[in-house]
Each structure stands twice: as structure tokens, then as C-alpha cells.
Amino acid sequence: MERIPILKMGDHLLVTIQVDMHDRLATTLQDDLTERIVSTHARAVLIDISALEVVDSFIGRTLGNIAAMSRILDAQTVVVGMRPAVAITLVELGLALKGVRTALNVEKGMEVLRASLAETANGAWESDDARKGTDVHAEG
Amino acid sequence: MSTLKDETLAIRSADDIVVVRQVVRAWAIELRFSLVDQTKIVTAASELARNTLDYGGGGTVRLAALLEGSRRGLRLVFEDKGPGIPDLALAMKDGYTTGGGLGLGLGGAKRLSSEFSIDSRLGEGTRVAITRWI
């Protein structure tokens, strides 16, 4: 069966979507990623969609599901490289990808993940009060 | 208004949704749509093709490249012989779905098109037509 490869780099999982995703492929990626997060104890997932010419509601929902499932499994997700035409279309479609963190490119995406993981690590040593108001990674 | 060419594609499987996207993209490029216009009509086509498959049990899409005065258009007509939609107003509402989707298909496709029409008869099927003009 056709699959999208998932690369492991340290505690990061990297996915580059390079094909026009049919629905089954998107669902398989969702299942594979959740399994790999658990089996590799990954803390972060980066999904590069710069090759995707279309993100419809099904693919959008899959990206949202992946972000939500990763979060439950204690991993952060960032989606990078969305094409401008895709972003314009998604918003008009009515899909703002709430709950999915995005970054312009792979480099920025890695920065977001690093900062987010560092904050989580530091947060464990701070009191809840100290963290209040500094959480810049609120959902949205 | 004249039709430059037309073609009908079958929508019977999830793979056909990908084929519909690819053919619509090729036609939009041929009509010299901008990248954003291409992306919009391809995305709308993807939503409607999935509806035809998931709710209509499969069907067809007829593509037509149109010329009217100085403007060019791409019209897509999706038809199925499924159960039909009991409440069209409700089906058009964002967030309403009887399936497992997000309920953005019809409303989203309408927003992504210049013209939109839907006709559904219970027990007979559904026909959705969209056109994007440039």
C-alpha cells in the first residue's frame, strides 16, 4: 500500500508530503504518525506541505486530527510551507485550521518546535503562576 | 455564450476525486486562470466530488470550458442518482453534516465559485453546478 514516509531525527518526526493526497493516503498518514509518536517517543512532528497544490476540507481535517492526536500523546505539531494560494482558498472555504500551528518554512518550523519544547521543559520547573501570561502558544 | 469544449468524468472511488482535481487543474491552466483561481476551482471540485461519492453513492462531473464576450469560465456539473437532500437550506449551512466530514463542502464550494446552483430530488439524486469566471 502507498505510504508517505516518516523520518525520525532525534525526538522529531519529519513528514514531507510530495504527492497529491487521496483520502486513504491522508488517513494512513494519520494512523502511521500516531503509531510512530508512541513507538519512538517523539516529542515533535513537522509536516511539510509545500508541494501540496490543494488542501481541501478532508486534508485540512486530517492535519487538524494529527495535531490534536499528537498533543494528546505529548508531542507538538507544526505544519510548514503552505502555498499562498492554498492559504487564501482554505480561509474562503471556511477552514482556518484552528489548533494547527503553522510556520512559513522548515527552518522556522523547527524554531517553533524547539522553543515550544524548551518552554515545556522549563515549565516543569516553574510554578503555575510564573507561567501564566507567558504562554504564547495558546491554541488558535 | 459558447462552449469551447466539454468532457464527462466518472466519480466512483476516492482515486477518482484525485483524477477530477487533476483534470480540473489542467483545464483551468488551459483557460489561463491565475494560480489562486486555479486553486479555488480545484478545491471546490474536490469538495463536490467527495460529496458525489460519499452522499450520492458516486456519479459524474461534466466539465465545460466557456467563453462569453471577453470572459472565460469553467463550469462543473456534479450529478448523482443518490437519495437526494431532504433539507437544502440546512445542507448549505457550514458545519452541518450527516456524514463524518466538517460540513464545509457545499457552502465552501459556493464561496469558491462565481456561480452556484443546486437541485436535489428525494429518491432521484442531486445536481450541483458551479462556474468560476475570470
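**View 1. Chain A and its secondary structure.**
Chain A of the predicted model holds 5 helices and 5 strands. Read from the N terminus, its elements follow the order β-β-α-β-α-β-α-β-α-α. Chain A has 140 residues, and 45% of them are buried. About 7400 Å² of chain A is accessible surface, and carbon and sulfur atoms account for 55% of that area.

**View 2. Chain B and its secondary structure.**
Chain B is built from 4 helices and 5 strands. Starting at the N terminus, the order in chain B is β-α-α-β-β-α-α-β-β. Of the 134 residues in chain B, 51% are buried. The accessible surface of chain B is about 6100 Å², with 50% supplied by carbon and sulfur atoms.

**View 3. Overall dimensions and charges of chain B.**
Along the principal axes, the C-alpha atoms of chain B occupy a box of roughly 40 × 25 × 25 Å. The radius of gyration of chain B is 14 Å, which agrees with a compact globule, because a globule of 134 residues would have a value near 14 Å. Chain B carries 18 positive and 16 negative side chains. The centres of these two sets are 5 Å apart.

In chain A, counting contacts between residues at least 6 apart in sequence, 71% link residues at least 24 apart. For chain B, residues 24 or more positions apart make up 64% of the contacts with a separation of 6 or more.

**View 4. The largest nonpolar core.**
In soluble globular proteins, nonpolar side chains tend to be buried together. The largest nonpolar core in this model has 62 residues. The members that touch the most other members include A:Ile17, A:Leu33 and A:Ile47 from chain A. From chain B, they include B:Val24, B:Ile41, B:Leu74 and B:Leu76. Helix H2 of chain B, residues 35-54, gives the most to this core, contributing 7 residues.

A:Ile17 is one of the residues of the largest nonpolar core that touch the most other members. Leaving aside residues up to four places away in sequence, A:Ile17 touches A:Ile4, A:Leu29, A:Ile47, A:Asp48, A:Ile49, A:Ala51 and A:Leu52.

Notes
Residues numbered from 1 in each chain as written. Chains lettered and ligands numbered in written order. Predicted model: local features only at pLDDT ≥ 70, side-chain atom pairs only at ≥ 80, totals over all residues. Heavy atoms only, no water. Helix = DSSP H or I, 4+ residues; strand = E, 2+ residues; numbered from the N terminus. Rg over C-alpha atoms; globule rule 2.2 N^0.38 Å. Buried < 20%, exposed > 50% of the residue type's maximum accessible area, 1.4 Å probe, protein only. Contact = heavy atoms within 4.5 Å. Areas by Shrake-Rupley, 256 points an atom, 1.4 Å probe, with all protein chains shown as cover. Lys, Arg positive; Asp, Glu negative; His and termini not counted. Charge placed at Lys NZ, Arg CZ, Asp CG, Glu CD. Core = buried A, V, L, I, M, F, W, Y, C linked by side-chain atoms within 4.5 Å.
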